[in-house]
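Hi,

Here is the structure I said I would pass on. Have a look at it first, and my notes on what turned up follow below.

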Amino acid sequence: MKAKKGLMAEMNEELIIETKDLCKSFGQKQVLKNVSLHVPKGSIYALLGPNGAGKTTTIRILTGIMKPTSGEVIVQGINVVENPEDIRAEIGILSQMSAGYKDIKTRDNILLFTSIVGVDKALASEKMVELLERLEMADKLDLNFGKLSGGEKRVVNLVRTIISSGELIVLDEPTTGLDIARAKKARDIIQELVVNEGKTVLMSSHITSDLEDLATYTGILKEGELIFEGTKKAVIKQFAPDGNFEMAIINAFENGSKNFQSLETTEDLLEGT
Amino acid sequence: MTKKRKQFRAILRKDLKLVFTWKTIILTIVVPFIMMFAIVGIPTLFVSGSNTVITVCNADEGGTVTHVNGSVYFINVGQNVLYNMQYYANQEDNIKIEVVSTRAKALNASNGIYFPTNFTTATFAGESVFEYHKTASDVSLQGYNFDTMLNLIQEVVFSTYLFFRNITEDNIPQVEPIQYIPPATEPSTIWSQETMKLAMPFAYALFILLSLIGNMGRTIGFSKEKEDGTFETMLSITKNRSNLVYSKLIVGTIASTLTILSYFAGSAIAGAISKAVLGQTADDYGATGFLSLPFRDLLSYKGVVLLIGLGLALVLTMLALMTVDTLFTKTVAERIGVPVILMFGLLFMLPVMINPGQSNFILVINPYYWIYHVSMSIADLTFTWIDGLYLVLSLVLLALMVLAARKAIEREKVLFT
């Protein structure tokens, strides 16, 4: 049987992110163990895993915030380990924490960050208003960021990330704290980024409705190891053949391991693409 | 490279925007202004309520003086002055004249005046000399009352002389007051007495500004980014992370400059109010307190040197706070950064307050003292090798901290601090 980690690598799609045997240790603790990710261009890739599996560390390495202990990371053709400066400001990143300067207006919070990334102010303003209108928050533009609710702050962060992004957007828990209606709208916007603008989204989430609606590919991390990488259908086939996506994810988190393999071919893993 | 430069400008714009929020404007401009206004102005507005004791010894033996009409009088100018002082004191609730028998008792007391044995004869020989010892602060009631007494002495001497000599005011002799400083506390100063007048205002200004800068650092430094959760975002979108340090440093310097200017503006306006209320500022009679630095003096050579010295000290402080911010967690940085800076500020100010013209071991290892020493020497035009050494040490410390902050912000550990 062929090693599973090599199967995704064999597909013919152009990869926007590729890692090879990525390892990361903090002192004696190894948090990533030979992680080899393959994120195809123009896809929505869901990086999943229980708490402490290494998702945030992986995202930080991919975005040049942190250096790996060993391994290779190629993002948009840039060797991130050797040239982390080159990848910074090229990727739109939404971190877990809702970040923003409390004492300045929401409008300025978005435009200051987009200007640092190099987005034209007029373009950023236009896009900002359009997205906030869709997310029913245009009336909050002149409120100080500190006055917004948790969910509203999350929306502002999402909008800022979308405007700042180039080809690749990394979203860590994008819809956490959003009400159902806004979460749905946010998912639609993310989907459109891929379908209409050809962008790639790497996202991490614990909300299965996000993943079910959006994810094209799924990578599952557990205890620092990438135990699975494949399509949504392949996840179900692998971890809950008689169940649904949510059950498959729960099974993967609880019982999955690198050696738990039943799918044997690239076609199996890419089923449903 | 162009993209990095463009990004630096955007980061700088962002940091400037953060400075000019209402909260920061209050901390950097309004608070120093009100603080100085309160420290300098309020004491002069609320001068009543405490007593001033002026100790006088009149050793004047008097003498005979012939009036212009031919009559011969025996007069004692010292005694006349004392009568007038007592008359004045009787009209005022909070001023008391205590007469003592010896020069030592008068001049060792707080606010003492001594008239020598030949005061009358010297007055009519055109050489009036008396001694005084003033310890009261210039902005206190005691200081103000004491100076009123000095003016009274001059008035009595002048009027006595005019009465006997029938001459115009233009021809009357000048009285020479000699300020007495007890030998035990007389300092051997490095700088001239004129420059020494800058010492206390410099020390006070620096300490007060240091106590404000802790809050300012928290508002515009990396602590604020950490508190708002924007630190990781900034790290992920900034191509050259050193730009984050440089930008904060530039903005910190601008904010510090505004703080210094508002500090002195507060002082100057309070001084103007003092002048309106009391009729004169301490500067008018050559005092050495806060009011000896009115705003106009800041435009002089010494004033500019003083401001640059204060600016350098504040840049050093901002940089120290930023370096600590990048090396430690927000909580640890707040617990370590500000208290350590205040400790250095206190260890600088207290010895300087006791004796502004001397140095000791505690002072020579304090960077604020290095800057103070260099500023005073440049102001005094007495720059020596030790000033050169202090200047080099200050610049090396600045460079080391820039380097440490730059290195720290490039390390991934910064994410977890």
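Predicted model: local features only at pLDDT ≥ 70, side-chain atom pairs only at ≥ 80, totals over all residues.

**What I found**

A:Asn251 counts as partly exposed, because 17 C-beta neighbours sit inside 10 Å of this residue. A:Asn251 belongs to helix H9 of chain A, which covers residues 245–255.

Chain A has an open sheet of six strands, and if you trace across it the order is S7-S8-S9-S4-S10-S11, with mixed pairing. Which strands stand at the edges? They are S7 (92–94) and S11 (225–231) of chain A; each has a single partner strand, so one side of each is left without a neighbour in the sheet. From one strand to the next, the twist averages 15°.

Inside the sheet, S4 (residues 44–48) and S9 (residues 200–204) of chain A run parallel and are joined by three bridges. If you want a pair to click on, take A:Tyr45, whose bridge partner in S9(A) is A:Leu202.

Helix H1 (residues 55–62) of chain A lies across S4, S8 (168–172), S9 and S10 (217–222) of chain A, and runs at about 155° to S8(A). Helix H5 (residues 150–164) of chain A also packs on the sheet, where it touches S7 and S8 of chain A. The direction of H5(A) makes about 165° with that of S7(A).

**Where the chains touch**

On to the contact between the chains: 24 residues of chain A are in contact with 23 residues of chain B. Helix H3 (residues 106–117) of chain A gives the most to chain A's side, with six residues. By type, that side of chain A divides into twelve nonpolar, six polar and six charged residues.

H3(A) also has a helix partner within its own chain. The axes of H3(A) and helix H4 (residues 121–134) of chain A come within 10 Å and cross at roughly 135°, which makes H3(A) oblique to H4(A). Their crossing is right-handed. From H3(A), the residues that meet H4(A) are A:Ile110, A:Leu111, A:Thr114 and A:Ser115; H4(A) brings A:Lys121, A:Ala124, A:Ser125 and A:Met128. Sorted by type, this contact has four nonpolar residues, three polar and one charged.

**Chain B**

The secondary structure of chain B comes to 16 helices and seven strands. Chain B has 417 residues, of which 42% count as buried. Taking the contacts in chain B with a separation of 6 or more, 76% are between residues 24 or more positions apart.

One helix pair to look at here is H12 (residues 301–327) with H15 (residues 367–380) of chain B: they pack at an angle of about 165°, and their axes are 9 Å apart. H12(B) and H15(B) are therefore roughly antiparallel to each other. H12(B) passes H15(B) in a right-handed crossing. Among the residues that meet are B:Leu306, B:Gly309 and B:Leu312 from H12(B), and B:Tyr368, B:Ile371 and B:Tyr372 from H15(B). The contact of H12(B) with H15(B) divides into eleven nonpolar residues, two polar and one charged.

Cheers

Notes. Residues numbered from 1 in each chain as written. Chains lettered and ligands numbered in written order. Helix = DSSP H or I, 4+ residues; strand = E, 2+ residues; numbered from the N terminus. Buried ≥ 20, exposed ≤ 12 C-beta atoms within 10 Å, placed from the backbone. Contact = placed C-beta atoms within 7 Å. Pairing = 2+ DSSP bridges. Axes fitted to C-alpha atoms, helices over the stretch in contact; angles between N-to-C directions. Parallel < 35°, antiparallel > 145°, perpendicular 65-115°, else oblique. Left-handed = near helix turned anticlockwise from the far one by under 90°. Nonpolar A, V, L, I, M, F, W, Y, C, P; charged D, E, K, R; others polar.
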